[in-house]
Amino acid sequence: MSERNTEFFPKQLQKIVASRFLYLNQDSYENNRLFFENAGGSLRLESVVDAQARLTALPDCPERTHDTALDIRKIIDQGIQDIRLFLNAKDGSIATSLTASKLIFEIISVVAAASKQGNIVTTAIEHPSSYDACQFAAEQYNHELRVANADPVSGSIPIRNIVDLVDDQTVLVSVILTSNITGAMHNIKKYAAEIKEKNPQTIIVVDGVQGAPHGVIDVEDWEIDALNIAPYKMFGNRGVGFAYLSDRIASFPHHRLLATDQDNWNVGSTTPSNFASFTKIINYICEIGRYFNSSDDRRTLIVEGMNRIHLQEQAILNRLINGTSQVIGIKDIPNVTVHFEKANGKTQDLILALTFDNISCPDAVQKYGENNILVYARESSSHYSKRILGAVKLDAIVRVSPIHCHTPGDIDKFLEVTRLIAENSN
Ligand SMILES: Cc1ncc(COP(=O)(O)O)c(C=O)c1O
């Protein structure tokens, strides 16, 4: 725990990042609000919203040869290049769809259909999009479904629990990069290496949606076959998901206009604004990178930017847990339990899962709301949460998910309100 970074962004950078986001301190009614619900969809960059509007206004088809069409084509190409740089995807294909869920369903189904009968391994804490895709594909294509158990203390899947299920019949392993409920981060490079040691042919599919806004992704280094992301979880807009597919699987039979390349996963007209917006996200990450690193290389700046975001978020987490000499940290507030964080240490992302002894999770969320802080209760009554909460032996949690642009002052306000809720609701 003591190894966690405690240094916040320099004040000047903190100001810059705050100025880039919309609705950072106020909601759409202009009421003051702290938005600690970024795991449900993150704060938006103003540049993203502007680019979205600008490109959406243009009627021109990018497949033509006039000037505006060529400009739009360039924007799409830059967007694709930026997706590749963000993921460090040097080979394979980039697929686009309306949602990240749709993409992972397609990928898992295509792999299952192209493989001879065997087994599919998934985990108990996968988001329903990948878990249900595995279950659906296993039933559809006669594979056995195997589910790796979670460790309820850390809210993660120990690597052993996955590897023990892998054998020479394993077609595919689906594993989440960071849990959107427990905040546990998996070291995918290590996981992929151990899975491949047991079966080098196994295809590894990673749900990168929750991990993407919080740290570096490197599909080349991790040696995985597929990974999906959702821009609306990483400072961008809803309405699109992107995925990387390795050369090994990109040409498996899939829905495709048959005149296009075998590894093309994009069916129908592209939406230029989605690519323009993604470039704005990358420009922003590079802006943070450039604050610390004078390189001209865009991937270097992305890595620097994401590492700095991660450090800032670890400092936020540290303050949330330990507080300061002036403000009591969550670990010392009576009646509140922080789940998973202690067991995970530095592999805990900026998601806190809280329960209160004196008040139910929905009531606590209500109280936070009355104090102008937006958080969310994940409860077993939701199909998005039920299996995952069961896997970590909880019925409900209050999920607290700030992001890197929040300040020490924001954290102190949250701590103060948490103390009041824990004290006053008896
Ligand atoms: C970890 C994770 N994976 C996948 C998804 C699916 O994203 P979408 O619903 O946008 O397809 C989400 C969304 O909450 C998520 O948190």
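In the predicted model, helix α3, which spans residues 67–87, packs against helix α11, formed by residues 298–322, at an angle of about 55 degrees. The axes of α3 and α11 are 9 Å apart. That angle makes α3 oblique to α11, and the crossing of the two helices is right-handed. On the α3 side, the residues involved are Q78, D82, L85, F86 and L87, and they meet R298, R299, I302 and M306 of α11. Classified by side chain, the residues of this contact comprise five nonpolar, one polar and three charged.

Helix α11 also packs with helix α10, which covers residues 272–292. The axes of α10 and α11 come within 7 Å and cross at roughly 75 degrees. Angles of 65 to 115 degrees count as roughly perpendicular, and α10 and α11 are therefore roughly perpendicular to each other. From α10, the contact draws on T279, I282, N283, I285, C286, I288, G289, R290 and F292, while α11 supplies R298, L301, I302, E304, G305, M306, R308 and I309. The contact of α10 with α11 contains nine nonpolar, four polar and four charged residues. R298, I302 and M306 of α11 take part in the contact with α10 and also meet residues of α3.

A further helix pair is formed by α4 (residues 100–114) and α5 (residues 128–141), whose axes are 9 Å apart and meet at an angle of about 30 degrees. Since angles under 35 degrees count as roughly parallel, α4 and α5 are described as roughly parallel to each other. Their crossing is right-handed. The α4 residues in the contact are S101, I104, F105, I108, S109, A112 and A113, and those of α5 are S129, S130, D132, A133, C134, F136, A137 and Y141. Ten nonpolar, four polar and one charged residues make up the contact of α4 with α5.

A polar side-chain atom of S101 lies 2.5 Å from an oxygen atom of the ligand. For A100, a polar backbone atom is 3.4 Å from a ligand oxygen atom. A polar side-chain atom of N180 is likewise placed 3.4 Å from an oxygen atom of the ligand.

Notes
Residues numbered from 1 in each chain as written. Predicted model: local features only at pLDDT ≥ 70, side-chain atom pairs only at ≥ 80, totals over all residues. Heavy atoms only, no water. Axes fitted to C-alpha atoms, helices over the stretch in contact; angles between N-to-C directions. Helix = DSSP H or I, 4+ residues; strand = E, 2+ residues; numbered from the N terminus. Parallel < 35°, antiparallel > 145°, perpendicular 65-115°, else oblique. Left-handed = near helix turned anticlockwise from the far one by under 90°. Contact = heavy atoms within 4.5 Å. Nonpolar A, V, L, I, M, F, W, Y, C, P; charged D, E, K, R; others polar. Polar contact = N/O pair within 3.5 Å; in protein donor to acceptor, adjacent residues only side chain to side chain.
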